[in-house]
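Hi,

Here is the structure I promised to pass on. Have a look at it first, and my notes follow below.

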Amino acid sequence: MAEKLIALIPGDGIGPEVTREARRLLEWYQGQGLPLTLWDLDLGAERYLKDGTTFPKEVSDKIRAECSAVFLGALGDPRVPDMSHARDILFGLRFGFDLYANIRPVRALSDRLVPLKGRTRADVDFVVFRENTEGVYVGVGGQVRRGTPHEIAINEDINTRFGVERIIVAAFEHAKQHGKKRVHMADKSNAMRHAHELWLRVFDEVGQRYPGIERQHVYVDALCLYLLQDPSQFEVVVTNNLFGDIVTDLGAGLQGGLGMACSANVHPADPTRLGLFEPVHGSAPPLAGKNVANPFASLLTVGALLSHLGYPEHERHIERAITEAVDSGQVTRDLGGDLTTTQAADWVIERIKTA
Ligand code: NAD
Ligand code: IPM
Ligand code: MN
(Lines give C-alpha, C1' and ligand atoms only; values in the text may rest on other atoms or scores of the structure.)
(Ligands and ions follow the chains in the order given, each with its own letter.)
Protein backbone atom coordinates (compact mmCIF):
# COMPACT_ATOMS: atom_id res chain seq x y z
CA MET A 1 0.00 0.00 0.00
CA ALA A 2 1.31 3.47 -0.86
CA GLU A 3 2.60 5.50 2.08
CA LYS A 4 0.47 8.50 2.96
CA LEU A 5 2.24 11.59 4.20
CA ILE A 6 0.46 13.56 6.91
CA ALA A 7 1.73 17.01 7.88
CA LEU A 8 1.17 17.99 11.50
CA ILE A 9 0.98 21.65 12.50
CA PRO A 10 0.53 21.84 16.29
CA GLY A 11 0.34 25.65 16.21
CA ASP A 12 -0.32 27.79 19.27
CA GLY A 13 -1.79 27.70 22.77
CA ILE A 14 -3.39 24.32 23.46
CA GLY A 15 -2.69 23.32 19.83
CA PRO A 16 0.58 21.52 20.67
CA GLU A 17 -1.02 19.70 23.62
CA VAL A 18 -3.96 18.34 21.66
CA THR A 19 -1.81 17.62 18.59
CA ARG A 20 0.55 15.58 20.79
CA GLU A 21 -2.37 13.29 21.65
CA ALA A 22 -3.53 13.13 18.01
CA ARG A 23 0.02 12.16 17.06
CA ARG A 24 0.09 9.36 19.65
CA LEU A 25 -3.11 7.94 18.20
CA LEU A 26 -1.73 8.16 14.66
CA GLU A 27 1.48 6.43 15.85
CA TRP A 28 -0.57 3.60 17.24
CA TYR A 29 -2.29 3.15 13.89
CA GLN A 30 1.13 3.21 12.23
CA GLY A 31 2.16 0.39 14.57
CA GLN A 32 -0.94 -1.50 13.43
CA GLY A 33 0.36 -1.38 9.88
CA LEU A 34 -1.39 1.69 8.47
CA PRO A 35 0.98 3.14 5.85
CA LEU A 36 1.21 6.61 7.36
CA THR A 37 4.27 8.85 7.54
CA LEU A 38 4.12 11.82 9.89
CA TRP A 39 5.82 15.12 9.11
CA ASP A 40 6.08 17.63 11.97
CA LEU A 41 5.99 21.25 10.93
CA ASP A 42 7.32 23.98 13.17
CA LEU A 43 4.88 26.73 12.20
CA GLY A 44 2.90 29.05 14.42
CA ALA A 45 3.35 32.09 16.61
CA GLU A 46 6.56 30.93 18.27
CA ARG A 47 8.29 30.45 14.91
CA TYR A 48 6.85 33.69 13.54
CA LEU A 49 8.12 35.67 16.51
CA LYS A 50 11.53 34.00 16.19
CA ASP A 51 12.25 34.51 12.50
CA GLY A 52 9.17 35.95 10.77
CA THR A 53 8.22 32.66 9.08
CA THR A 54 4.51 32.08 8.51
CA PHE A 55 3.76 29.62 5.68
CA PRO A 56 6.76 29.24 3.37
CA LYS A 57 6.29 28.41 -0.30
CA GLU A 58 8.61 25.36 -0.03
CA VAL A 59 6.34 23.94 2.66
CA SER A 60 3.22 24.66 0.67
CA ASP A 61 4.80 23.12 -2.45
CA LYS A 62 5.82 19.97 -0.62
CA ILE A 63 2.36 19.63 0.93
CA ARG A 64 0.86 19.97 -2.54
CA ALA A 65 3.21 17.45 -4.10
CA GLU A 66 3.37 14.84 -1.35
CA CYS A 67 0.78 15.10 1.40
CA SER A 68 -2.52 13.27 1.70
CA ALA A 69 -3.65 15.29 4.70
CA VAL A 70 -2.71 18.08 7.06
CA PHE A 71 -3.60 18.06 10.76
CA LEU A 72 -3.74 21.48 12.38
CA GLY A 73 -4.02 21.89 16.17
CA ALA A 74 -4.96 25.55 16.62
CA LEU A 75 -3.59 28.99 15.83
CA GLY A 76 -3.81 32.25 17.73
CA ASP A 77 -1.46 33.83 20.22
CA PRO A 78 -1.93 37.01 22.22
CA ARG A 79 1.61 38.06 21.23
CA VAL A 80 0.44 38.29 17.59
CA PRO A 81 -2.74 40.33 17.99
CA ASP A 82 -3.35 40.78 14.26
CA MET A 83 -3.24 36.98 13.69
CA SER A 84 -1.11 37.56 10.57
CA HIS A 85 0.77 34.26 10.95
CA ALA A 86 -2.48 32.39 11.54
CA ARG A 87 -4.12 33.84 8.47
CA ASP A 88 -1.16 32.93 6.26
CA ILE A 89 -1.17 29.34 7.50
CA LEU A 90 -4.89 28.69 7.86
CA PHE A 91 -6.05 30.54 4.77
CA GLY A 92 -2.92 29.41 2.92
CA LEU A 93 -4.27 25.90 3.38
CA ARG A 94 -8.02 26.52 3.00
CA PHE A 95 -7.79 28.93 0.05
CA GLY A 96 -4.46 27.77 -1.37
CA PHE A 97 -5.66 24.18 -1.75
CA ASP A 98 -9.20 25.22 -2.70
CA LEU A 99 -10.69 23.24 0.20
CA TYR A 100 -14.09 24.71 -0.41
CA ALA A 101 -16.12 22.62 2.01
CA ASN A 102 -15.55 22.97 5.72
CA ILE A 103 -17.55 20.00 6.98
CA ARG A 104 -18.39 20.27 10.66
CA PRO A 105 -20.43 17.47 12.19
CA VAL A 106 -22.59 18.47 15.14
CA ARG A 107 -23.17 15.16 16.81
CA ALA A 108 -23.54 14.57 20.53
CA LEU A 109 -21.81 11.29 21.36
CA SER A 110 -23.52 10.89 24.71
CA ASP A 111 -26.70 12.10 26.41
CA ARG A 112 -24.47 13.56 29.10
CA LEU A 113 -23.10 16.08 26.64
CA VAL A 114 -26.42 17.60 25.56
CA PRO A 115 -27.10 20.80 27.51
CA LEU A 116 -30.76 21.16 26.49
CA LYS A 117 -33.50 20.18 28.94
CA GLY A 118 -35.21 16.92 27.99
CA ARG A 119 -32.99 16.30 24.96
CA THR A 120 -30.75 13.33 24.24
CA ARG A 121 -27.96 12.54 21.80
CA ALA A 122 -30.61 11.39 19.32
CA ASP A 123 -31.69 15.02 19.00
CA VAL A 124 -28.25 16.38 18.10
CA ASP A 125 -27.04 14.83 14.87
CA PHE A 126 -26.50 17.07 11.89
CA VAL A 127 -23.67 18.37 9.77
CA VAL A 128 -22.81 21.89 8.72
CA PHE A 129 -21.38 22.51 5.25
CA ARG A 130 -19.56 25.79 5.65
CA GLU A 131 -18.39 27.49 2.46
CA ASN A 132 -14.65 27.83 2.97
CA THR A 133 -13.12 29.93 0.18
CA GLU A 134 -15.29 33.03 -0.16
CA GLY A 135 -17.38 35.48 1.84
CA VAL A 136 -15.83 38.12 4.06
CA TYR A 137 -12.86 35.84 4.65
CA VAL A 138 -11.39 36.69 1.24
CA GLY A 139 -10.10 39.95 2.67
CA VAL A 140 -11.31 42.27 -0.07
CA GLY A 141 -11.61 45.71 1.43
CA GLY A 142 -9.53 48.35 3.05
CA GLN A 143 -9.31 51.25 5.40
CA VAL A 144 -9.40 54.88 4.42
CA ARG A 145 -8.58 57.84 6.66
CA ARG A 146 -7.38 55.35 9.27
CA GLY A 147 -7.17 56.74 12.77
CA THR A 148 -9.23 59.84 12.00
CA PRO A 149 -12.83 60.50 13.06
CA HIS A 150 -13.83 60.02 9.42
CA GLU A 151 -12.29 56.60 9.09
CA ILE A 152 -13.86 54.09 6.70
CA ALA A 153 -13.38 50.34 7.16
CA ILE A 154 -14.66 47.92 4.53
CA ASN A 155 -14.75 44.14 4.23
CA GLU A 156 -16.58 42.97 1.15
CA ASP A 157 -18.70 39.83 1.19
CA ILE A 158 -17.65 37.86 -1.89
CA ASN A 159 -20.19 35.39 -3.25
CA THR A 160 -19.64 33.83 -6.67
CA ARG A 161 -22.17 31.72 -8.52
CA PHE A 162 -19.47 29.05 -8.86
CA GLY A 163 -18.59 29.08 -5.16
CA VAL A 164 -22.17 29.13 -3.92
CA GLU A 165 -23.22 26.37 -6.29
CA ARG A 166 -20.41 23.97 -5.45
CA ILE A 167 -20.95 24.11 -1.68
CA ILE A 168 -24.71 23.67 -2.09
CA VAL A 169 -24.11 20.72 -4.43
CA ALA A 170 -21.71 19.24 -1.86
CA ALA A 171 -24.38 19.50 0.84
CA PHE A 172 -27.04 17.81 -1.32
CA GLU A 173 -24.61 15.11 -2.44
CA HIS A 174 -23.77 14.42 1.19
CA ALA A 175 -27.47 14.18 2.01
CA LYS A 176 -28.04 11.81 -0.88
CA GLN A 177 -25.09 9.58 0.00
CA HIS A 178 -26.04 9.40 3.66
CA GLY A 179 -29.74 8.83 3.22
CA LYS A 180 -30.70 12.22 4.66
CA LYS A 181 -34.08 13.66 3.81
CA ARG A 182 -33.60 17.39 4.34
CA VAL A 183 -31.12 20.18 3.63
CA HIS A 184 -31.39 23.61 5.26
CA MET A 185 -29.71 26.66 3.76
CA ALA A 186 -29.08 29.55 6.12
CA ASP A 187 -28.56 33.11 4.90
CA LYS A 188 -29.57 36.70 5.56
CA SER A 189 -31.27 37.34 2.23
CA ASN A 190 -33.79 39.62 3.93
CA ALA A 191 -31.00 42.10 4.68
CA MET A 192 -28.27 41.21 2.20
CA ARG A 193 -30.40 41.43 -0.91
CA HIS A 194 -27.61 41.15 -3.47
CA ALA A 195 -25.31 38.51 -2.11
CA HIS A 196 -27.81 36.25 -0.45
CA GLU A 197 -30.50 36.39 -3.08
CA LEU A 198 -27.91 34.49 -5.09
CA TRP A 199 -27.78 31.82 -2.38
CA LEU A 200 -31.58 31.56 -2.38
CA ARG A 201 -31.78 31.18 -6.14
CA VAL A 202 -28.96 28.65 -6.40
CA PHE A 203 -30.34 26.65 -3.47
CA ASP A 204 -33.65 26.39 -5.27
CA GLU A 205 -32.07 25.44 -8.58
CA VAL A 206 -29.69 22.86 -7.18
CA GLY A 207 -32.34 21.47 -4.85
CA GLN A 208 -34.60 20.71 -7.79
CA ARG A 209 -31.98 18.24 -9.01
CA TYR A 210 -32.51 16.23 -5.80
CA PRO A 211 -36.24 15.45 -5.82
CA GLY A 212 -36.11 13.06 -2.86
CA ILE A 213 -34.59 15.65 -0.56
CA GLU A 214 -36.61 18.38 1.06
CA ARG A 215 -35.07 21.85 0.94
CA GLN A 216 -35.68 24.39 3.65
CA HIS A 217 -34.54 27.96 3.65
CA VAL A 218 -33.93 29.54 7.06
CA TYR A 219 -32.59 32.93 8.05
CA VAL A 220 -29.45 32.48 10.05
CA ASP A 221 -30.74 34.38 13.08
CA ALA A 222 -33.78 32.12 13.26
CA LEU A 223 -31.52 29.10 12.76
CA CYS A 224 -29.71 30.02 15.99
CA LEU A 225 -33.05 30.01 17.80
CA TYR A 226 -34.23 26.73 16.29
CA LEU A 227 -30.93 25.02 17.07
CA LEU A 228 -31.60 25.64 20.74
CA GLN A 229 -35.33 24.93 20.62
CA ASP A 230 -35.27 21.75 18.57
CA PRO A 231 -31.99 20.65 16.99
CA SER A 232 -33.54 17.33 15.97
CA GLN A 233 -35.12 18.85 12.84
CA PHE A 234 -31.70 19.47 11.25
CA GLU A 235 -29.81 16.94 9.14
CA VAL A 236 -27.63 18.97 6.79
CA VAL A 237 -27.14 22.74 7.02
CA VAL A 238 -25.34 24.66 4.29
CA THR A 239 -24.25 28.24 4.76
CA ASN A 240 -21.58 30.80 3.98
CA ASN A 241 -18.14 31.11 5.50
CA LEU A 242 -18.88 33.56 8.31
CA PHE A 243 -22.26 32.17 9.33
CA GLY A 244 -20.79 28.66 9.25
CA ASP A 245 -18.06 29.73 11.63
CA ILE A 246 -20.54 31.20 14.10
CA VAL A 247 -23.20 28.51 13.84
CA THR A 248 -20.67 25.72 14.43
CA ASP A 249 -19.52 27.22 17.74
CA LEU A 250 -23.20 27.20 18.72
CA GLY A 251 -23.33 23.63 17.41
CA ALA A 252 -20.30 22.77 19.51
CA GLY A 253 -22.30 23.92 22.53
CA LEU A 254 -24.96 21.33 21.66
CA GLN A 255 -22.43 18.51 21.50
CA GLY A 256 -20.59 19.16 24.74
CA GLY A 257 -18.45 22.18 23.97
CA LEU A 258 -15.54 23.02 21.73
CA GLY A 259 -13.56 20.16 23.19
CA MET A 260 -15.86 17.78 21.28
CA ALA A 261 -16.09 19.37 17.81
CA CYS A 262 -14.00 18.30 14.81
CA SER A 263 -13.85 19.49 11.23
CA ALA A 264 -12.70 18.47 7.77
CA ASN A 265 -11.70 20.99 5.10
CA VAL A 266 -11.99 19.20 1.77
CA HIS A 267 -12.56 19.56 -1.96
CA PRO A 268 -15.55 17.26 -2.50
CA ALA A 269 -15.42 17.49 -6.31
CA ASP A 270 -12.13 15.56 -6.06
CA PRO A 271 -12.06 13.45 -2.90
CA THR A 272 -8.50 12.28 -3.66
CA ARG A 273 -7.25 15.81 -3.05
CA LEU A 274 -5.54 16.43 0.27
CA GLY A 275 -7.70 17.49 3.19
CA LEU A 276 -7.05 19.75 6.16
CA PHE A 277 -8.33 18.43 9.48
CA GLU A 278 -8.71 20.56 12.59
CA PRO A 279 -10.61 20.68 15.82
CA VAL A 280 -13.16 23.49 15.64
CA HIS A 281 -11.72 25.09 18.76
CA GLY A 282 -9.00 27.69 18.88
CA SER A 283 -5.84 28.00 20.91
CA ALA A 284 -7.66 28.69 24.22
CA PRO A 285 -4.80 30.78 25.67
CA PRO A 286 -5.99 30.57 29.31
CA LEU A 287 -5.71 26.75 29.20
CA ALA A 288 -2.41 26.59 27.35
CA GLY A 289 0.53 24.77 28.90
CA LYS A 290 -1.54 23.32 31.76
CA ASN A 291 -2.35 19.93 30.28
CA VAL A 292 -6.07 20.50 30.98
CA ALA A 293 -7.51 20.97 27.49
CA ASN A 294 -9.95 18.37 26.25
CA PRO A 295 -8.14 16.25 23.64
CA PHE A 296 -11.29 14.57 22.28
CA ALA A 297 -11.96 17.10 19.48
CA SER A 298 -8.41 16.44 18.36
CA LEU A 299 -8.82 12.64 18.52
CA LEU A 300 -12.14 12.88 16.65
CA THR A 301 -10.31 14.95 14.06
CA VAL A 302 -7.86 12.06 13.62
CA GLY A 303 -10.95 9.92 12.98
CA ALA A 304 -12.16 12.28 10.25
CA LEU A 305 -8.67 12.31 8.75
CA LEU A 306 -8.41 8.52 8.70
CA SER A 307 -11.86 8.25 7.19
CA HIS A 308 -10.76 10.62 4.43
CA LEU A 309 -7.75 8.40 3.79
CA GLY A 310 -10.03 5.40 3.34
CA TYR A 311 -10.30 4.00 6.87
CA PRO A 312 -13.85 4.86 8.02
CA GLU A 313 -13.84 1.93 10.45
CA HIS A 314 -11.13 3.62 12.52
CA GLU A 315 -13.22 6.76 12.76
CA ARG A 316 -16.03 4.64 14.19
CA HIS A 317 -13.68 3.00 16.72
CA ILE A 318 -12.41 6.38 17.86
CA GLU A 319 -15.94 7.74 18.26
CA ARG A 320 -17.00 4.66 20.18
CA ALA A 321 -14.05 4.88 22.57
CA ILE A 322 -14.72 8.57 23.20
CA THR A 323 -18.40 7.86 23.82
CA GLU A 324 -17.37 5.28 26.42
CA ALA A 325 -14.93 7.71 28.01
CA VAL A 326 -17.69 10.31 28.33
CA ASP A 327 -20.25 7.80 29.60
CA SER A 328 -17.86 6.60 32.28
CA GLY A 329 -16.66 10.06 33.32
CA GLN A 330 -13.10 9.64 32.02
CA VAL A 331 -12.97 13.26 30.94
CA THR A 332 -11.22 16.59 31.38
CA ARG A 333 -12.61 19.37 33.52
CA ASP A 334 -14.61 21.11 30.77
CA LEU A 335 -16.83 17.99 30.83
CA GLY A 336 -16.92 17.83 34.61
CA GLY A 337 -14.07 15.38 35.12
CA ASP A 338 -10.65 15.73 36.65
CA LEU A 339 -8.40 14.06 34.09
CA THR A 340 -5.53 15.83 32.42
CA THR A 341 -5.29 16.09 28.64
CA THR A 342 -2.82 13.20 28.65
CA GLN A 343 -4.90 11.00 30.96
CA ALA A 344 -8.11 11.46 28.98
CA ALA A 345 -6.32 10.67 25.73
CA ASP A 346 -4.57 7.69 27.36
CA TRP A 347 -7.90 6.24 28.41
CA VAL A 348 -9.32 6.54 24.90
CA ILE A 349 -6.21 5.20 23.16
CA GLU A 350 -6.09 2.21 25.56
CA ARG A 351 -9.77 1.58 24.88
CA ILE A 352 -9.16 1.61 21.13
CA LYS A 353 -6.25 -0.80 21.57
CA THR A 354 -8.33 -3.32 23.50
CA ALA A 355 -11.51 -3.00 21.42
P1 NAD B 1 -11.28 29.11 21.67
O2 NAD B 1 -11.92 28.08 20.83
O3 NAD B 1 -9.82 29.02 21.79
O4 NAD B 1 -11.93 29.07 23.13
C5 NAD B 1 -13.32 29.32 23.37
C6 NAD B 1 -13.73 28.68 24.68
O7 NAD B 1 -13.71 27.25 24.57
C8 NAD B 1 -12.80 29.02 25.85
O9 NAD B 1 -13.57 29.07 27.00
C10 NAD B 1 -11.88 27.81 25.89
O11 NAD B 1 -11.33 27.59 27.17
C12 NAD B 1 -12.82 26.68 25.50
N13 NAD B 1 -12.09 25.59 24.82
C14 NAD B 1 -11.65 25.59 23.55
N15 NAD B 1 -11.04 24.46 23.26
C16 NAD B 1 -11.10 23.69 24.37
C17 NAD B 1 -10.62 22.39 24.68
N18 NAD B 1 -9.98 21.63 23.80
N19 NAD B 1 -10.83 21.93 25.94
C20 NAD B 1 -11.50 22.67 26.84
N21 NAD B 1 -11.98 23.89 26.59
C22 NAD B 1 -11.77 24.41 25.37
O23 NAD B 1 -11.73 30.51 21.08
P24 NAD B 1 -11.27 32.02 21.47
O25 NAD B 1 -10.96 32.09 22.92
O26 NAD B 1 -12.27 32.88 20.90
O27 NAD B 1 -9.93 32.22 20.63
C28 NAD B 1 -8.61 31.98 21.13
C29 NAD B 1 -7.63 32.11 19.96
O30 NAD B 1 -7.82 31.01 19.05
C31 NAD B 1 -7.84 33.36 19.13
O32 NAD B 1 -6.57 33.81 18.70
C33 NAD B 1 -8.66 32.89 17.94
O34 NAD B 1 -8.49 33.69 16.81
C35 NAD B 1 -8.05 31.52 17.74
N36 NAD B 1 -8.89 30.53 17.02
C37 NAD B 1 -8.23 29.67 16.19
C38 NAD B 1 -8.92 28.65 15.58
C39 NAD B 1 -8.16 27.71 14.68
O40 NAD B 1 -6.95 27.64 14.73
N41 NAD B 1 -8.81 26.94 13.84
C42 NAD B 1 -10.28 28.47 15.84
C43 NAD B 1 -10.92 29.36 16.70
C44 NAD B 1 -10.22 30.38 17.31
C1 IPM C 1 -12.33 28.51 12.88
C2 IPM C 1 -11.71 29.79 13.36
C3 IPM C 1 -11.13 30.60 12.22
C4 IPM C 1 -12.27 30.97 11.29
C5 IPM C 1 -10.36 31.86 12.68
C6 IPM C 1 -9.17 31.50 13.54
C7 IPM C 1 -9.91 32.71 11.53
O8 IPM C 1 -12.63 30.53 14.11
O9 IPM C 1 -11.64 27.72 12.22
O10 IPM C 1 -13.50 28.25 13.19
O11 IPM C 1 -12.96 31.96 11.51
O12 IPM C 1 -12.46 30.23 10.32
MN1 MN D 1 -14.44 29.42 14.57
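How far apart do the C-alpha centres of domain 1 and domain 2 lie? They lie 24 Å apart. Domain 1 covers 1-97 + 274-355 and domain 2 covers 105-260, with bounds taken from an automatic or database domain assignment. Where they touch (heavy atoms within 4.5 Å), domain 1 gives 17 residues and domain 2 gives 18 residues.

Before you read on: this is a predicted model, where local features need pLDDT of at least 70, side-chain atom pairs count only at pLDDT 80 or more, and totals for chains, interfaces and linings use all residues. Residues are numbered from 1 along each chain as its sequence is written, chains are lettered from A and ligands numbered from 1 in the order in which they are written, and side-chain values use heavy atoms, with hydrogens and water left out.

Now for ligand 2. Both domain 1 and domain 2 give residues to its shell, so ligand 2 lies between them. Around it you'll find Met83, Phe91, Arg94, Arg104, Arg130, Tyr137 and Asp245, counting a residue if one of its heavy atoms lies within 4 Å. That shell has 3 nonpolar residues, 4 charged ones and no polar ones; here Ala, Val, Leu, Ile, Met, Phe, Trp, Tyr, Cys and Pro count as nonpolar, Asp, Glu, Lys and Arg as charged, and the others, Gly among them, as polar.

Polar contacts here are pairs of N or O atoms within 3.5 Å. On its own, ligand 2 has 320 Å² of accessible area, and the protein covers 74% of that (Shrake-Rupley method, 1.4 Å probe).

Ligand 1 has 18 residues around it, and the closest are Leu75, Gly282, Ser283, Ala284 and Asn294. By class, 10 are nonpolar, 6 polar and 2 charged. The backbone does some of the pairing: an oxygen atom of ligand 1 is 2.8 Å from a polar backbone atom of Ala284, and a backbone N or O atom of Ser283 lies 3.0 Å from an oxygen atom of ligand 1. From a side chain, a polar atom of Glu278 lies 3.2 Å from a nitrogen atom of ligand 1. Ligand 1 exposes 800 Å² when taken alone, and the protein buries 64% of that.

Cheers

Conventions:
A polar contact is a pair of N or O atoms within 3.5 Å; within protein, one must be able to donate a hydrogen and the other to accept it, and residues adjacent in sequence count only if both atoms are side-chain atoms.
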